[in-house]
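Visitor: Hi! Could you walk me through this one while I look at it?

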Amino acid sequence: MSMMGELTFFLGLQIQQSKKGTFIFQTKYTKELIQKFGMRNAKAIGTPVSPSTTLDKEDKGKLVDETKYRGMSGSLLYLIASRPDVIFSVCKYARFQSAPKE
């Protein structure tokens, strides 16, 4: 590529080049998010949310930290660069950034 060598990391994206093609992934970024937001003990699931799940504005629920919620949503929006399978879920949750409730 250049005198600097092969591209392996760019803007938080890990890049792996091989004869089969160029692959982009965000393993390091994902692990940092899990650490940052205290999700080490979270249960892994195959599908983050069912398409039939409905979310409504909750007026009576317990308020959550808006800054943390927006930080999580923004971080996840960046993650969809390499994870198109989570776009639906992330976008669905991102709609509730104004006065989020538990």
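Guide: Happy to. Let's start with phenylalanine 10, which sits in strand 1 (residues 9-10). Keep in mind that this is a predicted model.

Visitor: Is phenylalanine 10 buried, partly exposed or exposed?

Guide: Phenylalanine 10 is partly exposed, with a relative accessible area of 46%.

Visitor: Okay, confidence next. What does the protein average in pLDDT?

Guide: The average pLDDT is 81, and 96% of the residues score at least 70. Among the elements, strand 1 has the lowest mean, 80, while helix 1 has the highest, 89.

Visitor: Back to the rings. How many aromatic pairs does the structure hold?

Guide: There is one aromatic pair. Its partners are tyrosine 29 and tyrosine 78, arranged edge-to-face, with 5.4 Å centre to centre and 75° between the planes.

Visitor: Why does the pair tie together parts that are apart in sequence?

Guide: Because tyrosine 29 belongs to helix 1 (residues 27-36) and tyrosine 78 to helix 2 (residues 66-79), the pair links parts that are 49 residues apart in sequence.

Visitor: Nice. What about tyrosine 29, buried or exposed?

Guide: Tyrosine 29 is buried, as its relative accessible area is 17% and the cut-off for buried is under 20%. Tyrosine 78 counts as partly exposed, at 33% relative accessibility.

Visitor: What else is in contact with Tyr29? Say, where is serine 75?

Guide: Serine 75 is in helix 2, and at 10% relative accessibility it counts as buried. Leaving aside neighbours within four places in sequence, serine 75 is in contact with Tyr29, Leu33 and Phe37.

Visitor: And which residues does serine 73 touch?

Guide: Not counting residues up to four places away in sequence, serine 73 touches Val90, Ala94 and Gln97. Serine 73 also lies in helix 2 and is buried, with a relative accessible area of 7%.

Visitor: How far apart in space are serine 73 and phenylalanine 10?

Guide: They are 21 Å apart in space, C-alpha to C-alpha, and 63 residues apart in sequence.

Visitor: Let's go to helix 3. Which of its residues are buried?

Guide: The buried residues of helix 3 are Ser89, Val90, Lys92 and Ala94. What covers them includes helix 2.

Visitor: And cysteine 91, where does it lie?

Guide: Cysteine 91 lies in helix 3 (residues 87-94) and counts as partly exposed, at 33% relative accessibility. Between cysteine 91 and leucine 76 there are 9.1 Å in space, C-alpha to C-alpha, and the two are 15 residues apart in sequence.

Visitor: Switching to charges: how many salt bridges are there in the whole structure?

Guide: A search finds two salt bridges. In one, lysine 28 pairs with glutamate 32, the closest N and O atoms being 2.7 Å apart. In the other, arginine 70 pairs with glutamate 66, with the closest N and O atoms 3.0 Å apart.

Visitor: Where do lysine 28 and glutamate 32 lie?

Guide: Both are in helix 1, four residues apart, about one turn of the helix. Lysine 28 is partly exposed at 43%, and glutamate 32 is partly exposed at 42%.

Visitor: And what separates arginine 70 and glutamate 66?

Guide: Arginine 70 and glutamate 66 are four residues apart in helix 2, so about one helical turn separates them. Arginine 70 counts as partly exposed at 40% relative accessibility, and glutamate 66 is partly exposed with 32%.

Definitions and conventions: Residues numbered from 1 in each chain as written. Predicted model: local features only at pLDDT ≥ 70, side-chain atom pairs only at ≥ 80, totals over all residues. Heavy atoms only, no water. Phe/Tyr/Trp six-rings, centres within 6.5 Å; stacked < 30°, edge-to-face > 60°. Helix = DSSP H or I, 4+ residues; strand = E, 2+ residues; numbered from the N terminus. Buried < 20%, exposed > 50% of the residue type's maximum accessible area, 1.4 Å probe, protein only. Contact = heavy atoms within 4.5 Å. pLDDT = per-residue confidence, 0-100. Salt bridge = Lys/Arg side-chain N within 4 Å of Asp/Glu carboxyl O.
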